[in-house]
Amino acid sequence: AKSTKEIAKLNSEKNKEVYILANGPSLKTDIENKDLLSKFKNNDVLVVNFFSNSPVFYEIKPMYLLLVAIDFLEDNPQEEFVEQINKWIDSLLKVDWEMSVFIPYAAKKSGKWQKKLAQNNKIKIVFINYLTIDGSKGLKLFFMKKRLGVPRLHNVLGPSIMAMIWCGYKKINLYGVDHSWLPMIHVDDQNRVMVGQPHFYSDSKNSKQMGTSKKYRKLHEVLDKFLLTFKGYFDIKEFAEKQDIEIINYTKGSFIDAFEKK
């Protein structure tokens, strides 16, 4: 396993720019742009969650992948997750370039996925602190600087940005960070909170019930998580500005209002 400090040291004499490719539907258009695709292929790139299940993953050959949903990494995950996580592991076993995979420390005690990924010596695991910080502004900034945690976010993008900051990057470019779920929320006749969550690698627009079979979320819980996420980006923005780090959102129509858009 590596650490973000070790990666930052390696990056100290390199280009300090990185591209984060999230899974929003707008990324499909970006990838179809040959100039952008070439840019992704020839620069440091971080992808998230199940991006590796997409064929373009092997074309871009990203340097980093981050997965924070530890429910998928339990030794005995819920049945609804088994097929997806097995597909994820299979996709990483085919990686033939050097890649670091960021995983929360909370999943370190889970052994099955680690034993499987150990079969590929191209994969390096980087455990990150995904502890959620609440409290005063000063406290949050202190923990972020010490690599001890992240603001209370409920989306993979926040930890992705923090991981790249910890790895020493000074310019972070965001693509596929649509976050455009608000118009897609509805409550059905059974009082289930449903939302469409399209990804760039899927044309499916089917709504899904929010949460998991362990605990489905009520509307106020869903909206509260959205509030914490969008608010948390402003904590990250403030932290980045204090470190002289530039975060630019290139996602057309993105709902994120914290970062500069181009």
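## The loop between β8 and β9

H179 is found in the loop between β8 (171–175) and β9 (185–187). In this predicted model, H179 has a positive phi of about 55°. Yet H179 is not a glycine.

Is H179 buried or exposed? The relative accessible area of H179 is 6%. The cut-off for buried is under 20%, so H179 is buried.

## The loop between α4 and β3

K61 also has a positive phi, about 50°. K61 is not a glycine either. This residue lies in the loop between α4 (56–60) and β3 (64–66).

K61 has a relative accessibility of 40%. Buried means under 20% and exposed means over 50%. K61 therefore counts as partly exposed.

Strand β2 covers residues 44–48. How many of its residues are buried? The count is 5 of the 5, so β2 is largely enclosed by the rest of the structure.

The residues of β2 point two ways. D44, L46 and V48 point one way. V45 and V47 point the other way. Residues of both groups are buried.

## The partners of β2

Strand β1 (residues 17–21) pairs with β2 in the parallel sense. The pairing runs over 4 bridges.

Strand β3 is joined to β2 by 3 bridges. These two strands run parallel. Which residue in β3 is the bridge partner of L46? That partner is Y64.

Notes. Residues numbered from 1 in each chain as written. Predicted model: local features only at pLDDT ≥ 70, side-chain atom pairs only at ≥ 80, totals over all residues. Heavy atoms only, no water. Buried < 20%, exposed > 50% of the residue type's maximum accessible area, 1.4 Å probe, protein only. Pairing = 2+ DSSP bridges.
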